[in-house]
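Let's read a structure together, one feature at a time. Have a look at it first, then we'll talk.

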Amino acid sequence: QAEDGIRDVERSRGLGDVYKRQVLTYCRQKLASNPESLAANFTMFYLAKISGEYDTAIEYIDRCIELAAPESPRRVAYTMHKGNILILAYTKSSDKSYLKTAISDYESLLAKMPNNTGVATILNNLAYVLAENDERLSDALGYAERALDARPNDPGVLDTYAYVLLKNGKVSEAAESLAAALQQYQQDRIAVPAEIYEHKGMIKEKLAANAEALAAYNKALDVGAETLSPEARRRIEKAVERVSP
């Protein structure tokens with residue numbers, strides 16, 4: 001049901017504000033008669049998210065988490081959505097309370113369902129969030145190692161492990177893990193995201209291999225031409241200037 005709501009919102013993107021308002025009106029009416037409608041709550045979460053109304057989105061995804069069965073895959077998914085929104089809110093506001101809540105929610109979920117099928121994803125996301133924000137880097141490494149033990153051939157997990165190793169000063173090991181991630185992407189015939197090339201550039205830069213770092217950063221800009229955020233683009237462009245001859 002919740003997925004049906006998201007499809008409605010995705011269709012609304014192509015049909016303009018009138019259709020969005022219709023979806024919004026329908027969801028409000030649905031919630032007035034049935035406040036426990038997961039589809040309506042999740043659609044309202046998504047509408048708030050794409051509108052940049054992060055606090056409102058958090059309220060609706062909290063409601064979805066409450067309504068989902070304990071230890072269910074859906075509850076895990078909703079918690080992951082909440083973590084994503086909290087990080088977006090932190091990025092926008094620089095208010096560390098959002099970041100701390102995201103970390104706390106991830107760790108609480110791990111404590112409640114350590115053997116859940118989605119635990120590797122939680123571990124991986126938690127490790128990345130901690131490393132990205134230079135928080136508790138030794139804990140981040142522990143989480144990344146656990147994620148890798150669960151999914152040793154997952155290229156995304158291998159990349160996170162490489163990134164966390166880099167942040168912990170283990171640069172040579174990071175280079176090995178990043179190379180393994182790229183090899184796995186190629187083996188699985190999956191397109192390599194721009195952030196992987198940025199991480200490669202960061203590792204090569206630390207190793208003083210500036211020519212390789214420059215090539216990796218430029219590859220990140222090329223691959224992410226349509227997807228990189230303005231902030232990420234500026235960050236990589238500065239890195240290109242830094243390692244250019």
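Q: Does Lys82 count as buried or exposed, and how do I tell?
A: Go by relative accessible area: under 20% is buried, over 50% is exposed, and partly exposed is in between, with a 1.4 Å probe and protein chains only. Lys82 comes out at 9%, so it counts as buried. Keep in mind that this is a predicted model, where local features need pLDDT of at least 70, side-chain atom pairs count only at pLDDT 80 or more, and totals for chains, interfaces and linings use all residues. Residues are numbered from 1 along each chain as its sequence is written, and side-chain values use heavy atoms, with hydrogens and water left out.

Q: Where is Lys82, and which residues is it in contact with?
A: Contact means heavy atoms within 4.5 Å. Lys82 sits in helix 5, and if you skip neighbours within four places in sequence, Lys82 touches Ile58, Ile61, Asp62, Ile65, Thr101 and Asp105.

Q: And Asn218, what is its relative accessible area?
A: Asn218 has 37%, so it is partly exposed. You'll find Asn218 in helix 12, residues 210–223.

Q: How many helices and strands does the chain have?
A: Helices (H or I, at least four residues) and strands (E, at least two) are DSSP runs, numbered from the N terminus. Here you get 13 helices and 0 strands.

Q: What about pockets: how much space lies in the largest one?
A: Rolling a probe the size of a water molecule over the atoms shows where empty space is left. On a 1 Å grid over the protein atoms alone, using a 1.4 Å probe, a pocket is an open set of points with protein on both sides within 12 Å along at least five of seven lines, and lining residues have an atom within 4 Å of a point. Points are joined across faces, edges and corners, and the volume is the space filled by probe spheres set on them. The largest pocket holds about 1200 Å³. It is lined by 36 residues, with Ile87, Tyr128, Glu132, Glu195 and Arg235 closest to its centre.

Q: Which helix gives the most to that lining?
A: Helix 13, with 7 residues.
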